[in-house]
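Subject: Structure handover

Hello,

Here is the structure for you to look at. My notes follow below it.

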Amino acid sequence: MNRTESLQIVKSHLKLARYEHTIRVADTAIDLAVHYEQPTDKIELAAIFHDYAKYRDLDEMKRWIEKSTLPKDLLDYHSELWHGPVGALLVEREVGITDRTILQAIHWHTTGKAYMNTMEKIIFLADYIEPGRNFPGVEDVREQAKQDLDYAVFLTLKNTIQHLITHNQKIYPDAIHAYNHLKSKIKLGE
Ligand code: DGI
Ligand code: FE
Ligand code: FE
């Protein structure tokens, strides 16, 4: 499936602003892939479909989680966390993408997880730093993105977790696992 075809599919599932975000995530992800000498095709597809399920009806997503092999604990957390895992499921069922690496990158794009591979890290990071984002601290992450991929992902997790705690939100365990894994890996300020 090429870029034009996949963008056309995804466009019909998204609002215009989200579609424009998707294009910026794809371009950012390709840029990072080239920088880190990764093949770009699968990364581009994962980026294009990363928010495929963003506007699915919450009851429908809840039913997919209940009747599939997706982790049931998702239902104990904010529904904003559902569109990655449910998106991976629906991109396989509805779009016909079967490549596990693409589906996994879509699945984990919101929370991250421990032991992410390079493609998963690039999608996770591109979603956070695409040029339309203006989170506090995003400029530091942009500066690190091409210096040290692990450190940039670590900073993203740190900022997101801090933001969620400030707003009295629960933290999904895999986000903590991702943070802890990278903290050990980069051996920052022990
Ligand atoms: O879908 P996007 O808006 O492009 O970005 P995203 O998939 O990273 O989703 C961002 C939202 O997810 C944002 O509102 C913060 C929230 N989020 C990320 N990790 C967690 C989380 N929310 C909770 N409650 N817990 C998390 O661990
Ligand atoms: Fe998302
Ligand atoms: Fe996104």
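A residue counts as near a molecule if one of its heavy atoms lies within 4 Å of it. Around ligand 1 there are 19 residues, and Arg18, Lys54, Thr110, Arg133 and Tyr172 come nearest.

Before the rest, some ground rules. This is a predicted model, in which local features need pLDDT of at least 70, side-chain atom pairs count only at pLDDT 80 or more, and totals for chains, interfaces and linings use all residues. Residues are numbered from 1 along each chain as its sequence is written, chains are lettered from A and ligands numbered from 1 in the order in which they are written, and side-chain values use heavy atoms, with hydrogens and water left out.

**Ligand 1**

The shell around ligand 1 has 5 nonpolar, 7 polar and 7 charged residues. (Asp, Glu, Lys and Arg count as charged; Ala, Val, Leu, Ile, Met, Phe, Trp, Tyr, Cys and Pro as nonpolar; the others, Gly among them, as polar.) Helices α2 (16-35) and α9 (149-166) each supply at least two residues of that shell. Helices here are DSSP runs (H or I, at least four residues), numbered from the N terminus.

Thr110 has an N or O atom 2.6 Å from a ligand oxygen. For His109, the distance from a polar side-chain atom to an oxygen of ligand 1 is 3.0 Å. For His83, it is 3.1 Å.

**The iron ions**

Donors are N, O and S atoms within 2.8 Å of the metal (3.2 Å for Na, K and Ca); water is not among the atoms, so sites may look incomplete.

- His83 is in helix α5 (residues 83-95), and His109 is in the loop between α6 (100-107) and α7 (118-129), 26 residues apart.
- Ligand 3, also an iron ion, is coordinated by His21 (NE2), His50 (NE2), Asp51 (OD) and Asp127 (OD) at 2.1 to 2.3 Å. The spacing of these donors is H-x28-H-D-x75-D.

Which residue bridges the two iron ions? Asp51 does, and the ions lie 3.6 Å apart.

Best wishes

Methods. A polar contact is a pair of N or O atoms within 3.5 Å; within protein, one must be able to donate a hydrogen and the other to accept it, and residues adjacent in sequence count only if both atoms are side-chain atoms.
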